[in-house]
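Please look at the structure below, and let us ask, step by step, what lies behind the terms used to describe it.

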Amino acid sequence: MGEEPSREAVSQFVERFAGVLANSGVPTMSARVMGAMLVSPTGTMTAAELAEALQISQPAVSGAVRQLLQVSFITRERLPGSRKDHYRIREDVFAAILERRNLALSEWESTSRSGASLFGEDSPVGRRLTEAADFFAFIHADMDQMIKNWRAEHPR
C-alpha cells in the first residue's frame, strides 16, 4: 500500500472533484462537502470537521449539509456518547442519486405526453413533446437497467 497523500494533495483533489461536480450543476459548497466526505477515512464527519477541512464557515456547511440530506447523499446520525450530529455518506450513494434522477425522467416523460395530448399529437408542438417523452422513456429504461446491472455486480 502506498504512502498517505499529503494534506495539500488531498485538499487539491477535493477542490478538483468539487469543481467537476459544480460544472455539472451541483452547488459549489455542496460539491466541496461531497468531496471532503468522500475522502474522509471513516466516511463520517461533523459540521465542525467539515468547516475546518474546507476552511469555510459553519453556516456554509449547514446549507450544504441540508441540501445533501435532501438528495440523500448523506445521512445524519448521533454516535454513542457524542452530542454532535455526524454526517455519513450513504452506501451505494451514486446509484441512489441516479435512481432519484431516474424517477424525475419518468415524470418528465408523463408530463411531455400529457402536453402532446393537449396540443394534439399531430401538431408541431405535439410531435416535439412526443419525441421528448420517447427520449425520456428510452433514457429511463436504460438507466434503470444500468443501476440493476451495477447492483448485481456490486452487492453491498
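Q: At what angle do the axes of helix α2 and helix α4 cross?
A: In this predicted model, the axes of α2 (residues 28-39) and α4 (residues 58-70) cross at roughly 80° and come within 8 Å.

Q: Why are α2 and α4 called roughly perpendicular to each other?
A: Angles of 65 to 115 degrees count as roughly perpendicular, and the axes of these helices cross at roughly 80°, so α2 and α4 are roughly perpendicular to each other.

Q: What makes up the contact of α2 with α4, by class?
A: Met29, Ser30, Val33 and Met34 in α2 meet Ala60, Ala64, Gln67 and Leu68 in α4, and by class this contact has six nonpolar, two polar and no charged residues.

Q: Why do β1 and β2 count as edges of the sheet?
A: The open sheet of three strands has the order β1-β3-β2, with antiparallel pairing; β1 (44-46) and β2 (74-78) each have a single partner strand, so one side of each is left without a neighbour in the sheet.

Q: How do you know that β1 and β3 pair?
A: Strands pair if there are at least two bridges between them, and three bridges join β1 to β3, so these two strands meet the cut-off. In β3, His86 is the bridge partner of Thr46.

Q: Which helices lie on the sheet?
A: Helix α2 lies across β1, β2 and β3, running at about 80° to β3, while α4 packs on the sheet by touching β2 and β3, its direction making about 110° with that of β2.

Conventions: Residues are numbered from 1 along each chain as its sequence is written. This is a predicted model: local features need pLDDT of at least 70, side-chain atom pairs count only at pLDDT 80 or more; totals for chains, interfaces and linings use all residues. Side-chain values use heavy atoms; hydrogens and water are left out. Axes are lines fitted to C-alpha atoms, for helices over the stretch in contact, and angles run from 0 to 180 degrees between N-to-C directions. Helices (H or I, at least four residues) and strands (E, at least two) are DSSP runs, numbered from the N terminus. Angles under 35 degrees count as roughly parallel, over 145 as roughly antiparallel, 65 to 115 as roughly perpendicular and the rest as oblique. Contact means heavy atoms within 4.5 Å. Ala, Val, Leu, Ile, Met, Phe, Trp, Tyr, Cys and Pro count as nonpolar, Asp, Glu, Lys and Arg as charged, and the others, Gly among them, as polar.
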